[in-house]
Amino acid sequence: MDGWIRWAAPAAAVAITLPAYAYQYSSIGAAQQHAFPGARFEEVQPQRVWKALNGGSVAGYFFVDHVIGKHLYIDYSVALDAAGRVRRVEILTYRESYGFEVADASWLSQFVGKSSGSALQMNQDIRNISGATLSSRHVTEGVKRILAYYASRLR
């Protein structure tokens, strides 16, 4: 019985003292307004999918999702225009200690204009970020998943 304490106590001490690296870049409301300034949002799927309405017509859709970076979740949003093309991708919260470069606006701008027919392949139409390989790959897969969802359910 005393043996497990000898092994568990150091691990518990390390877990308690690890610093938190979570960084919130944006809130859902702020990201919605960045993507569709002045639009009104109608919830399609609770806390995940909204329809953006501008002057009574559909301006597009706004999605919130998360992917695993290396070990922890990355919360991100994807805004699609009315034709289903990516209008904006934004990292909302990043929790890993490495790989935060995926929140860089120039990297995220690669997704603008992509649709469900786009390849969205690392090192082809989306460049990899050295040192953030898993985060960039998983965010790319997440955007691809949202485009497939739009094409199959909302188009």
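Y23 is partly exposed in this predicted model, with a relative accessible area of 48%. Y25 is also partly exposed, at 36%. The ring centres of Y23 and Y25 lie 4.6 Å apart, and their planes meet at 70 degrees, so this pair is edge-to-face. Edge-to-face here needs planes over 60 degrees apart.

That is one of 7 aromatic pairs that turn up in a search of the whole structure. Another is F36 with F41: centres 6.1 Å apart, planes at 65 degrees, so edge-to-face as well. F36 counts as buried, because its relative accessibility is 2% and the cut-off for buried is under 20%. Ring pairs also join F36 and F41 with W50 and F62 in a cluster.

Now the cores. In soluble globular proteins, nonpolar side chains tend to be buried together. The largest nonpolar core in this model has 27 residues. Which of them touch the most other members? They are F63, V78, V86, I91, W107, F111 and V143. At least two residues of this core come from each of β4 (57-68), β5 (73-81), β6 (86-94), α3 (105-108) and α4 (133-154). The largest share is from α4, with 6 residues.

Take F63 on its own. Leaving out residues up to four places away in sequence, F63 touches R48, V49, Y76, S77, V78, L80, I146, Y149, Y150 and L154.

How values were computed:
Residues are numbered from 1 along each chain as its sequence is written. This is a predicted model: local features need pLDDT of at least 70, side-chain atom pairs count only at pLDDT 80 or more; totals for chains, interfaces and linings use all residues. Side-chain values use heavy atoms; hydrogens and water are left out. Rings of Phe, Tyr and Trp (its six-membered ring) pair if their centres lie within 6.5 Å; planes under 30 degrees apart count as stacked, over 60 as edge-to-face and the rest as tilted. Buried means under 20% relative accessible area, exposed over 50%, partly exposed in between (1.4 Å probe, protein chains only). A nonpolar core is a set of buried Ala, Val, Leu, Ile, Met, Phe, Trp, Tyr and Cys residues joined through side-chain atoms within 4.5 Å. Helices (H or I, at least four residues) and strands (E, at least two) are DSSP runs, numbered from the N terminus. Contact means heavy atoms within 4.5 Å.
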